[in-house]
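Please open the model in your viewer and keep the selection tool at hand, for this tour goes from one stop to the next and says at each what to select and what is there.

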Amino acid sequence: SILDGAIANNAKENAKKFVRLLKKFYRESNCKEFFKANEELYNQTSESFYPVYKELDLHWYESFYGKDPDEKFIIINAPGNGGGNYGPSITLKNGKREVYAIMGTWNTGKDGSAVFSFDGFFSTLLHEFNHSFINYLVDKNINTFQQSGDKIYTVVSDQMQRQAYGNWATVIKESLVRSAVIKYMQDHGFEQDKIDKEIMSQLLRGFLWIKDLVGELNKYSSAREIYPTLESYMPNIAEAFEIYAENIETYKNEFESKQAKVVSISEFQNGDKNVSPEIKTITINFDRPLSDKGYSLEYGEQGEKSFPGIKRVTFSEDKKSVVLEVCLEENEEYDFILSGHSFKTADGIPIKNHEVKFCTKRSQ
């Protein structure tokens, strides 16, 4: 359409402008000398990451996606990216593709050097490479996915926006990538508890159809004589998403019904603006027993400044209540979140995150 053409032309002009400004920045900031001065740091970072990289089976991508191995895989360790990771690709003039996994760096040792643990980084590396095989497939079939994608995104948009997934197309791509990660784990004999943990992580992120999508990828794998590439199977994937869209409310209700929920706070009502600063405990009551294997409390909207002083966290005898031993000050706003990261039901289902907010009054 004319609009699509205008958007494409605008994106191209913006890209050209960005490259011009980037080259100017490189010259004026003397980046060459900066990179040279930090060459040892970059080498150390790459060496630290190598043990994670060598565990990745790159041949699986060729086998699973059914693509010729004409891609050049490139990992870029980005010490300045924090938790940001990206999976771009580029097609060169000779037709060859370069596939990138740009990896952030969020753990450091006491000396400030980068630390890359297998558990902390392998799944991210696996994830980012999948993007380069998935994204273009969705883009090529964008009209096919639009109706189902719109319907799904309407239900899960709040969760997705918190993860910076601002449209349905991104969510379709992300769910395919995340299901491919689980498929890789299955194909490589990962322990079932690790696979289950990965599935649960995706359910918590809002990808409520993830189990069925993994099942769809397994159907593809068992019919490779008919479907030599994932691209040839995409019409089936599109049909599957139509079913997911029809059932999205059911997915949501079924998952939320399994999550423990806060029913009350013994000492005050959530949102109370007149709480006594003299109270020594905050007792949070749930609708079903929790596992007492751990707890996770996070900062609320106001950050660290509104987090209460917590001395100890215990569970009631029936495990349906969490007791926070606290030290409060008068005339203060408090705000914290009980997180599903560690608060879970006895059968391992994380709670739905619950924010607690209250204000203390002045002492008489």
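An α-helix has 3.6 residues a turn, so residues three or four places apart point the same way. The end C-alpha atoms of H8 are 18 Å apart, which agrees with the 18 Å that its 13 residues should span at 1.5 Å a residue, the expected span being 1.5 Å times one less than the number of residues. After H8 comes Gly206, whose phi is positive, near 105°.

Before you move on, note that this is a predicted model, in which local features need pLDDT of at least 70 and side-chain atom pairs count only at pLDDT 80 or more, while totals for chains, interfaces and linings use all residues. Residues are numbered from 1 along each chain as its sequence is written, and side-chain values use heavy atoms, with hydrogens and water left out.

Next, select strand S5 (residues 281-286), which is largely enclosed by the rest of the structure because 5 of its 6 residues are buried. S5 belongs to an open sheet of 4 strands in the order S4-S5-S8-S7, with antiparallel pairing; two strands pair if DSSP finds at least two bridges between them. S4 and strand S7 (309-315) stand at the edges, each with a single partner strand, so one side of each is left without a neighbour in the sheet. On average, and with direction ignored, neighbouring strands of this sheet are turned by 20° against each other, the axes being lines fitted to C-alpha atoms, for helices over the stretch in contact, with angles running from 0 to 180 degrees between N-to-C directions.

To follow the pairing, go from strand to strand: S4 (residues 262-265) and S5 share 3 bridges, S5 and strand S8 (residues 321-327) share 5, and S7 and S8 share 6.

Now pick Lys320, which lies in the loop between S7 and S8 and counts as partly exposed at 30% relative accessibility. Leaving aside its neighbours within four places in sequence, Lys320 is in contact with Ile284, Asn285, Phe286, Asp287, Arg288 and Pro289.

For the last stop, turn to the aromatic rings, of which the structure holds 33 pairs; rings of Phe, Tyr and Trp (its six-membered ring) pair if their centres lie within 6.5 Å, and planes under 30 degrees apart count as stacked, over 60 as edge-to-face and the rest as tilted. How are the rings of Phe49 and Phe116 arranged? They are edge-to-face, 5.0 Å centre to centre with 85° between the planes. Phe49 is buried, with a relative accessible area of 2%, and Phe116 is buried too, at 9%.

Methods. Helices (H or I, at least four residues) and strands (E, at least two) are DSSP runs, numbered from the N terminus. Buried means under 20% relative accessible area, exposed over 50%, partly exposed in between (1.4 Å probe, protein chains only). Contact means heavy atoms within 4.5 Å.
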